[in-house]
Amino acid sequence: MAVNRLTRDQIIGKALDLADSPTLDEKNRSDGSAIDTTAPAIEWLQQGVDLFYTLYPQAGTVTSTSIAIVAGTTSYAMPSDLILTYQNGIVLATDKKRLSKRSLSYVLNLDQTRTGTPKFYREEPPNWKIWPEPDKAYTGTAYYHKMPAALATGTVPTFPSDFLLVEYLHIKMKEWLNAVPKGSALQFALNIVSKFVKAGIINQLEEEQIPFDREAFPGGGSYPGSQYDWMGDVGTT
């Protein structure tokens with residue numbers, strides 16, 4: 001994926017040049033050159049970057065956080081910068097076990113009194129909920145797509161195109177000037193993310209094969225761990 005060359009203030013400056021509005025210039029770069037620290041365009045640009053990543057979190061940075069799982073506790077706080085948990089992204093370090101993401105409907109069909117090694121998790125923001133109830137303490141690591149940090153003066157946003165961020169901010173400025181309908185910048189963002197996804201520009205690399213769900217194909221046959229394990233007991237020859 002390509003990245004930006006322009007810093008936060010350079011993006012704002014180019015958008016202001018396109019807007020060509022003395023009023024906006026006065027509010028954002030009152031000395032005629034440097035972007036003011038209180039410029040409203042700083043917040044508009046940050047909102048735009050956050051919006052792009054919220055619409056397609058898979059394009060964002062994947063990071064991790066540790067989870068200290070406690071016996072008898074099933075609810076654990078999500079990080080404040082989390083957009084989306086990576087699929088099946090909670091791993092128990094000591095047991096080398098990866099928890100599977102399940103819906104509330106699925107979990108409600110299970111024995112709610114069971115205790116043991118955590119097997120499933122579900123998202124109930126602002127918490128992760130795990131099942132079954134842990135029988136002891138475990139050390140876990142959760143992988144997730146994070147919200148980008150707030151842009152500083154010299155920050156170069158990680159994004160496929162300088163031009164698109166400049167144009168988004170330009171449209172936002174035109175909204176403020178009542179030159180285009182409210183919501184035009186949002187519609188622009190929705191259209192752009194859709195095109196990125198179709199072009200494969202911001203897709204994360206995923207598995208090339210669809211893995212078997214071991215809840216549907218549990219295995220346990222005569223050759224545990226083999227490629228035929230999902231078939232069950234195939235007997236001997």
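Which residues form one aromatic cluster with Phe52? The cluster is made up of Phe52, Phe159 and Tyr168. Keep in mind as you look around that this is a predicted model.

Let us stay with the aromatic rings for a while. The structure holds five aromatic pairs. One of them brings together Trp44 and Trp176, and it counts as tilted because the ring planes stand at 45°, with the centres 6.4 Å apart. If you trace the chain between these two, you will find that they are 132 residues apart: Trp44 belongs to helix 3 (residues 40-55), while Trp176 belongs to helix 5 (residues 162-176). Their surroundings can be described too. Trp44 has a relative accessible area of 12% and is therefore buried, since buried means under 20%. Trp176, at 35% relative accessibility, counts as partly exposed.

Another pair is formed by Tyr106 and Phe120, and this one is edge-to-face, with 85° between the planes and 5.4 Å from centre to centre. Here the two partners are 14 residues apart, Tyr106 in helix 4 (residues 104-108) and Phe120 in strand 6 (residues 120-124). Phe120 is buried, at 2% relative accessibility, whereas Tyr106 is partly exposed, at 29%. Tyr106 has a further neighbour to look for: the charged end of Arg102 sits over the Tyr106 ring, 4.9 Å from the ring centre.

Now turn to the strands, with strand 3 (residues 82-92) as your guide. On strand 9 (residues 138-146), strand 3 finds an antiparallel partner, and the two are paired over six bridges. Strand 3 also runs antiparallel to strand 4 (residues 97-101), to which three bridges join it. Strands 3 and 4 form a hairpin, with four residues between them.

Finally, let us visit a pocket. The second largest pocket has a volume of about 230 Å³. Its lining consists of 14 residues, and those nearest the centre are Tyr53, Thr61, Pro148, Ala149 and Thr158. What kinds of residues make up the lining of this second largest pocket? Nine are nonpolar, four are polar and one is charged.

Conventions: Residues are numbered from 1 along each chain as its sequence is written. This is a predicted model: local features need pLDDT of at least 70, side-chain atom pairs count only at pLDDT 80 or more; totals for chains, interfaces and linings use all residues. Side-chain values use heavy atoms; hydrogens and water are left out. On a 1 Å grid over the protein atoms alone, a cavity is a set of points where a 1.4 Å probe fits but cannot get out, and a pocket is an open set with protein on both sides within 12 Å along at least five of seven lines; lining residues have an atom within 4 Å of a point. Grid points are joined across faces, edges and corners, and a volume is the space filled by probe spheres set on the points. Ala, Val, Leu, Ile, Met, Phe, Trp, Tyr, Cys and Pro count as nonpolar, Asp, Glu, Lys and Arg as charged, and the others, Gly among them, as polar. Two strands pair if DSSP finds at least two bridges between them. Rings of Phe, Tyr and Trp (its six-membered ring) pair if their centres lie within 6.5 Å; planes under 30 degrees apart count as stacked, over 60 as edge-to-face and the rest as tilted. Buried means under 20% relative accessible area, exposed over 50%, partly exposed in between (1.4 Å probe, protein chains only). A charge sits over a ring if NZ of Lys or CZ of Arg is within 6 Å of the ring centre and within 35 degrees of the ring normal.
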